Amino acid sequence: MAALAAATSSLLATFRPPKDAASNGGCRGCHGVAPSGARWAYMMPQHVGVNAVVYFLGDDADGLTRTCIRGHFYEGCGATFAFTFVANPYRRVLSAAALQKVIRPPGGVVGPSTAPKAGEVAKFRGWVAKLRWNRFYVAPQVDFTRAFNGTSSHYVGRATDVVGGMRHVLASLGYDKLEERLARFAAHATTDMKNAGGFVAPAGEGVFTEWYDDETASKVQQRYHADFRAFNYSKDWRRMWE
């Protein structure tokens, strides 16, 4: 654990995002050039719990890119290969509620095993019912994949299998030392996802799934109907951690 903590600390210390888009060739977000010569771009939707990806891509020591801005942008900027990771819309709205302190889980993050405090479920449902969705900052994830238009290839991975997704991305782009890179990424991703509340439901009991009811679930379904359809997520909120 000490070695992992030291490696994570070193990785975070190495990451220094540019102050503005000008230092990234006029583009915002994460962009780079693969050994094959292909230009790639990474788009990160809000509240998907995979900050590890942008830290990994922006780590100077890894040699992938020096032009990675941590932010929620969807600019293709001439990329020939674009990729992103998506998460269940129910999970994203719940994560936003924790960030805005509507609910107050331990450490400020909510995961599959988070037990709500007294009255929090009702408070969360009331907040969802009153949300002004046209002003809600958590954009549909299809907004990010629309930036794929014009790219010759793209990839949409799931937050629940971010390590497997990065394997596909790096292999597709022709990066060498694949296992070495993935081992480093996996160590950081494990820590990052734990800090983010965990997107993968643990085996066995202890997973809380009753944050929503039919009324509040319908609000999320209406706002993110395109995400449910495009990424094949179940509309059953009891499966939000899958």
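Before anything else: what you see is a predicted model.

I will start with the sheet. Four strands make up an open sheet, and their order is β1-β2-β3-β4. The pairing is mixed. For anyone new to this, strands of a sheet pair through backbone hydrogen bonds, either parallel or antiparallel.

Which strands stand at the edges? They are β1, residues 30-33, and β4, residues 153-158. Each has a single partner strand, so one side of each is left without a neighbour in the sheet. On average, neighbouring strands here are turned by 20° against each other, direction ignored.

Now look at β1 and its partner. β1 and β2, which covers residues 39-43, run antiparallel and are joined by four bridges.

Next, a pair of helices. The axes of α3, residues 89-99, and α8, residues 214-223, come within 10 Å. How do they cross? The angle is roughly 105°, which makes α3 roughly perpendicular to α8. On the α3 side, the contact is made by Pro 89, Tyr 90 and Val 93. On the α8 side, Ala 217, Val 220 and Gln 221 take part. Sorted by class, this contact has five nonpolar residues, one polar residue and no charged ones.

That is the end of the talk.

Terms used. Residues are numbered from 1 along each chain as its sequence is written. This is a predicted model: local features need pLDDT of at least 70, side-chain atom pairs count only at pLDDT 80 or more; totals for chains, interfaces and linings use all residues. Side-chain values use heavy atoms; hydrogens and water are left out. Axes are lines fitted to C-alpha atoms, for helices over the stretch in contact, and angles run from 0 to 180 degrees between N-to-C directions. Helices (H or I, at least four residues) and strands (E, at least two) are DSSP runs, numbered from the N terminus. Angles under 35 degrees count as roughly parallel, over 145 as roughly antiparallel, 65 to 115 as roughly perpendicular and the rest as oblique. Contact means heavy atoms within 4.5 Å. Ala, Val, Leu, Ile, Met, Phe, Trp, Tyr, Cys and Pro count as nonpolar, Asp, Glu, Lys and Arg as charged, and the others, Gly among them, as polar. Two strands pair if DSSP finds at least two bridges between them.
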